[in-house]
Amino acid sequence: MTTMDAALRCPVCRGGLTRTVAGPAASLRCARGHTFDVARQGYVHLAPGGTRHEGDPAELIALRADFLSAGHYDFLSEALAGAAGPFLRDPGALVVEAGAGTAHHLARVLEGAPEAVGLALDVSKPALKRAARVHPRAAAALVDTWGPWPLADACAAVVLDAFAPRNPAEFRRVLAPDGALIVVTPLPEHLTELVRALGLLDVAADKAERVEGRLGTHFERVGRTEMRRVLSLSPADAAALARMGPSGFHRSAEAVRAALGAEGSTVAVTAAVALEVWRPVSPRT
Ligand SMILES: C[S@@+](CC[C@H](N)C(=O)[O-])C[C@H]1O[C@@H](n2cnc3c(N)ncnc32)[C@H](O)[C@@H]1O
Ligand SMILES: [Zn+2]
């Protein structure tokens, strides 16, 4: 049994799961006979009742994959790897990324942590197809992270959440007491040029306080780094970035170039994010 399978739990009865491989097909099964298929593309479907929504569609996932592999957010992947590394030194240490998308950041974290294994959670099938093969030590599962997670208590050394929905109670339950939650959120000036020129949804100015308020019951913050980079993007990449945002904005690369008044071949867009490290606190008695 892999470390990963040992961490997974049946989403119906919470029992442990055993992997069965029959030719090209694989599935995970608990002692009571609840069975969960491993999709042909390698991710396991652990949301038996379905999910409330389907997550990001294929087109958006493809845009994000291209954008990330162009290296524009490498500074963030590096920072995540640096923050997570110290918690991932034990053999088999598990890092779980919630709302992982293509799991680009998870792959970079695993590169920097040779003993660790990774698990990407998302509801988007197109995202999971990519996440399942992002790294030899990564697996992927279809899980609605708003609900209960099909994972054992205290199984994870690190939980990552970058621009994804947060479930503080489940973060706390699955994290080992000496583990770390690493959260990335946008700062108010994130993508400010795109927001202004294209009328995108603004990052709520009180976002940081809201994040803190919700996590503060289960965690204490032990670190915070603010990162700001001016990205030099092609109009196509800028358009992709605009469309990846929460407003689901649709405009062509040409329209983006025109709206930004970009004369040359590139447009300047500010990426501004906060990376925070939180440690679990003992439940209050
Ligand atoms: C903005 S993307 C961030 C992806 C990745 N963390 C990154 O930084 O590249 C948010 C991701 O959360 C996923 N998502 C949204 N709601 C979810 C839910 N309830 N459960 C699991 N994943 C969810 C989406 O499908 C999408 O892949
Ligand atoms: Zn079961």
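A120 is buried, because 31 other C-beta atoms lie within 10 Å. Here, buried means 20 or more other C-beta atoms within 10 Å of a residue's own, exposed means 12 or fewer, and partly exposed lies in between, with C-beta atoms placed from the backbone. The model is predicted; local features require pLDDT of at least 70 and side-chain atom pairs pLDDT 80 or more, while totals for chains, interfaces and linings use all residues. Residues are numbered from 1 along each chain as its sequence is written, and chains are lettered from A and ligands numbered from 1 in the order in which they are written.

A120 sits in strand β6. Leaving aside residues up to four places away in sequence, A120 touches E97, A100, A103, L106, A131, A138 and A140. Contact requires C-beta atoms, placed from the backbone, within 7 Å. A103 is 17 residues from A120 along the chain, and their C-alpha atoms are separated by 6.3 Å.

The protein chain has 10 helices and 11 strands. These are DSSP runs numbered from the N terminus: helices are H or I of at least four residues, strands E of at least two. Of its 285 residues, 43% count as buried. Among contacts between residues at least 6 apart in sequence, 65% join residues at least 24 apart.

Ligand 1 is surrounded by 20 residues, the closest being G55, G99, G101, S124 and A162. A residue belongs to this shell if its C-beta atom, placed from the backbone, lies within 6 Å of the molecule. Helix α4 (104-111) and strand β6 (117-122) are the elements that give two or more residues to the shell. Its residues divide into nine nonpolar, seven polar and four charged. Nonpolar covers Ala, Val, Leu, Ile, Met, Phe, Trp, Tyr, Cys and Pro; charged covers Asp, Glu, Lys and Arg; the others, Gly among them, are polar.

Technical notes: Contact = placed C-beta atoms within 7 Å.
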